[in-house]
Amino acid sequence: MTTTAQAPAPAEPQATKPARERGSYLQQVLDSSATTIVVAIVIALVLASLLVVAADPDAQKALVYVFARPSDFFGAAWDAVYSTYSALFRGAIFDPQASGARQIRPITETMVSSVPLIFAGLGLGIGFRSGLFNIGAQGQVLIGAAAGAWVGFAVPMPAGLHVIVVCVAAAVAGGIWAGIAGFLKARTGASEVIVTIMLNSIAAYLVAYLLTTSVLRQPGSTRPITPPVKDTAVMPLLLGDQFRLHLGFLLAILAAVGVWWLMERSTIGFRFRAVGANQDAARTAGIKVTTVYVLVMLVAGGLAGLGGAMQIIGTDKTFQASSAGSIGFDAITVALLGRSRPLGTVLAALLFGALRAGSPLMQTAAGTPIDLVLVIQAVIVLLIAAPPLVRELSLVHWAAVPFGYDRKKAAA
Amino acid sequence: MRLELQGITKRFGSLVANDGIDLTFEPGEIHALLGENGAGKSTLMNVLYGLYQPDGGQIVVDGTARTFAGPGEAMAAGIGMVHQHFMLIPVFTVAENVVLGHEPVAGGGLIDLAQARRRVKEISDRFGFDVDPDALVEDLPVGVQQRVEIIKALSRDAEVLILDEPTAVLTPQETDELIGIMRQLKEAGTSVVFITHKLREVRAVADTISVIRRGKVVGTASPQDSEVELASLMVGRSVTLAVEKAPAEPGDATFQVRDLTVLDARGVAVVDDVSFDVRRGEILAIAGVQGNGQTELTETILGLRSPSAGHLLLDGTDLGPLTVGEVIEAGVGFVPEDRTTDGLIASFSIAENLVLDMHTSPQFARAGSLSPAKVAANAATRVQEFDIRAGSVQDPVSTLSGGNQQKVVLAREMSRPLRLLVASQPTRGLDVGSIEFVHKRIVAERDGGTPVIIVSTELDEVLALADRIAVMYRGTIIGTVDGGHAADRDVLGLMMAGVPLEQAREQAAGHHTALAEADEVAAGADPLVAPVQDAPVAPAPAAPVTPTPSTEEER
């Protein structure tokens, strides 16, 4: 007698469940940080294209009579944006106009540019996840590069070993440089933010001074530049002489895997994350928080120092004050964009490497100022810092509303 | 003023915090809202106070429906609220706090402080509050700060006063004074809405009791109903309030504290020459009002603080110079008083939190590498053993309710062999069901032969668990009494206020608190919970240490 009453009861949840799950799946995908980052990059490219149009002489001229002949303006605008981004693409990823194997040279250049960013970004990511806001990657990169360069040109060694010793020296130098901040925080409670910023300045002036002395300056030269590193200390190339891609890229990927293991699997990384997430609970659980501070800074500085060495023995072959460029500061953005995770950091570093590798061709071929790249980088950072703003500006999120996406829910 | 709530519904996403609640607050009555934590009491009051907008239903004041866009409008309609966490500015004076938001203005746009002072004085005198309008709020004891909050509400002509968990922060004596204030307010015609989950207080003071469970009014009760009846209404099943435990069989005193002094950053002794023993298989409860050195004492045992003098001997080893890690290694289990800041890492998974202080043990890690499989397997065992209601052990621990979070902490601390268990406020903020479970586990640990120290500011908990009770006051142990039936609630209350044991006994014999009186009435009315062992219902005033017959005596 109860069979008829029972039958619909179990059927009902089955009928409603898939619909609800689809709604929540859509919600999850659109609210994920990966979506936020991708949408942020797209929005940044769109905003940058507005700047490209505004700066383009043809488009400016056509704008004067836009109401009379709108097609002229929009044609000019399209041309400007298209030539800019296609030049960026040809410079950073694949160049169909080149001949033979050189067509893939742009993507290898992107990889080369990303190597120091991956190393430094990984180090910063470890710091961020451990609750240390290390702004000092720039100084650590510089010190690591200087130490690596010195070992590279001043200490003769057999091939193979030389590269290893250069890397170790750079890591140790960078680690000690960052370790100063870690030690001061552990001992005196000094803010690592302020100490690392100051250490950046100290590193810059220290290196600039050493480049004027016989320690680093090339004998007989008046310019502040070191002698070229010995051939034994140069990173082996991966794809032959046509390409600059060197072994450092593989080492960077290995480092990313190593950092993943360190943070996700090792007991040390467990302590790092515990201190980063709640240092009171970590301390109560018997974790020595001050030791963790010092260790984190040593590891982070070591990775940044390695990044500096890669720039010297992989790319520049000689060291000067400008060798580090803005690697340390870009690496902060890379780590933030990569959510401090190894895979994210590698992808973010590749993106920034691409922008860096593609921008010279963009300037020469399309006439777009190289500064546009900085604008794109800045807008990406601004947007990922404010996920609600991304959802507000994103057409994808608006379009998903009729399919059961709740835009307000994301905030919670 | 007659205030009605009709069909109030409030949702947060899929959670229905209030589900069609109907309540009527009559003028001049004390109406208690009783419910477990998370039952929806505070949400309801925030709707009433204009902090939340209801999704359904209406608020009716003297027959007309009203909507309150914010607390300002609710106040204008005569509704005042004293929040659980006081909304006072510590560096302002009482008068400044009271007029904050509707300051009387004198000529030239200056605040008329004289008038503010007069207003405070007038209300304070009317109810005998004894509050100095010029005192800085930060200098006042908690009980007086609460009165400032009440003055603040009354100065805006509140006719309905909502008190949200007002006794959570008070000593028993202060609670008694608050009950007196509530009665005075009632006589003056003010309605008082008294939100609480403490059964004794409800029975002592309320005229009407409405019980809220899972967002619904599940019934009304009379103050004459027994605690057991109220509790089962509240949690929806019958509960045994008393912890069932066999008498302690204490062994050797394996944990000894000798002449312990701990200084704070300013050099003031927060633990002042304290000595006590804890024996194997006994529970020593350290009672006292929050902030009398209990926190510092437990932190020193764990090694978070260093003693400036004295020793902490565990099986003959001095814990004083050891680091936290070494103390844990020595077999000390520690349940911190604030689980969210010190006990758990909110963003870590349940499984990770369950190994927080033993992640390097060979059980889970080899050659510096944690085994996720072993960590998960451990979590699966503990979740079952401690009845932790969780979706997946890989979910962040922050997704659990407070009771289940506390079970995670307990499960972690009790999953290794212990030589001492220190639990601070082990059931703070938990519902009745979880309290029962936590208490059982603590007693089980004691029965396993572990010396146990419980620090609690809840007298009910102290009486329920303790084999011996040490009362801390201003960093010293002011006295130690036996637990169980021998412990007198009044004596303990006086000791918590700094009265030495002997004097406390004398005073308690001649003094009866409002709470104890209510217990007596109920005990007389309800033979089921009346203590069997105490034949005379009324205590003989002449006898110095006659235990007050009350339902609590049964614990």
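## Helix packing in chain A

A crossing of two helices is called left-handed if the near helix is turned anticlockwise from the far one by less than a right angle, and right-handed if it is turned clockwise. In this predicted model, helix α6(A) passes α14(A) in a right-handed crossing. Helix α6 spans residues 105-129 of chain A and helix α14 residues 327-337 of chain A, and the two pack at an angle of about 60 degrees with their axes 8 Å apart; α6(A) and α14(A) are therefore oblique to each other.

On the α6(A) side, the contact is made by A:Pro116, A:Leu117, A:Ala120, A:Gly121, A:Leu124, A:Gly125 and A:Phe128, while α14(A) contributes A:Ile327, A:Gly328, A:Asp330, A:Ala331, A:Ile332, A:Val334 and A:Ala335. By class, the residues of this contact between α6(A) and α14(A) divide into ten nonpolar, three polar and one charged.

## Confidence in chain A

Chain A has a mean pLDDT of 89, and 93% of its residues reach 70 or more. Over residues 1-21 of chain A, however, pLDDT stays under 50, and for this stretch the model has zero contacts beyond four places in sequence.

## The contact between the chains

The contact draws 15 residues from chain A and 24 residues from chain B. On the side of chain A that touches chain B, α11 (267-277) and α12 (279-284) of chain A each supply at least two residues, and the largest share of that side, five residues, comes from α11(A). In its composition, the side of chain A that touches chain B has six nonpolar, five polar and four charged residues.

## The six-stranded sheet of chain B

Chain B holds an open sheet of six strands with mixed pairing, in the order β16-β19-β20-β13-β21-β22. The edges are taken by β16 (332-335) and β22 (476-482) of chain B, each of which has a single partner strand, so that one side of each is left without a neighbour in the sheet. From one strand to the next, the twist averages 15 degrees.

At one end of the strand order, β21 (residues 468-473) of chain B pairs with β22(B) in the antiparallel sense over six bridges, and B:Arg468 has B:Asp482 in β22(B) as its bridge partner. Helix α15 (residues 432-447) of chain B packs on the sheet, where it touches β13 (283-287), β19 (420-424) and β20 (452-456) of chain B, and its direction makes about 150 degrees with that of β20(B).

## The partners of strand β11 in chain B

Strand β11 (residues 255-263) of chain B pairs in the antiparallel sense with strand β14 (residues 309-314) of chain B over five bridges, with B:Val257 standing opposite B:Leu312 in β14(B). β11(B) also pairs in the antiparallel sense with strand β12 (residues 269-278) of chain B, over six bridges, and here B:Val262 stands opposite B:Val271 in β12(B). β11(B) and β12(B) form a hairpin with five residues between them, and B:Gly267 in the turn has a positive phi of about 90 degrees.

## Helix packing in chain B

Helix α17 (residues 489-496) of chain B and helix α18 (residues 501-510) of chain B pack at an angle of about 130 degrees, with their axes 8 Å apart, which makes α17(B) oblique to α18(B). The crossing of α17(B) past α18(B) is right-handed. It involves B:Asp490, B:Val491, B:Leu494 and B:Met495 of α17(B) in contact with B:Leu501, B:Ala504, B:Arg505, B:Gln507 and B:Ala508 of α18(B), and these residues divide into six nonpolar, one polar and two charged.

Notes: Residues numbered from 1 in each chain as written. Chains lettered and ligands numbered in written order. Predicted model: local features only at pLDDT ≥ 70, side-chain atom pairs only at ≥ 80, totals over all residues. Contact = placed C-beta atoms within 7 Å. Helix = DSSP H or I, 4+ residues; strand = E, 2+ residues; numbered from the N terminus. Nonpolar A, V, L, I, M, F, W, Y, C, P; charged D, E, K, R; others polar. Axes fitted to C-alpha atoms, helices over the stretch in contact; angles between N-to-C directions. Parallel < 35°, antiparallel > 145°, perpendicular 65-115°, else oblique. Pairing = 2+ DSSP bridges. pLDDT = per-residue confidence, 0-100.
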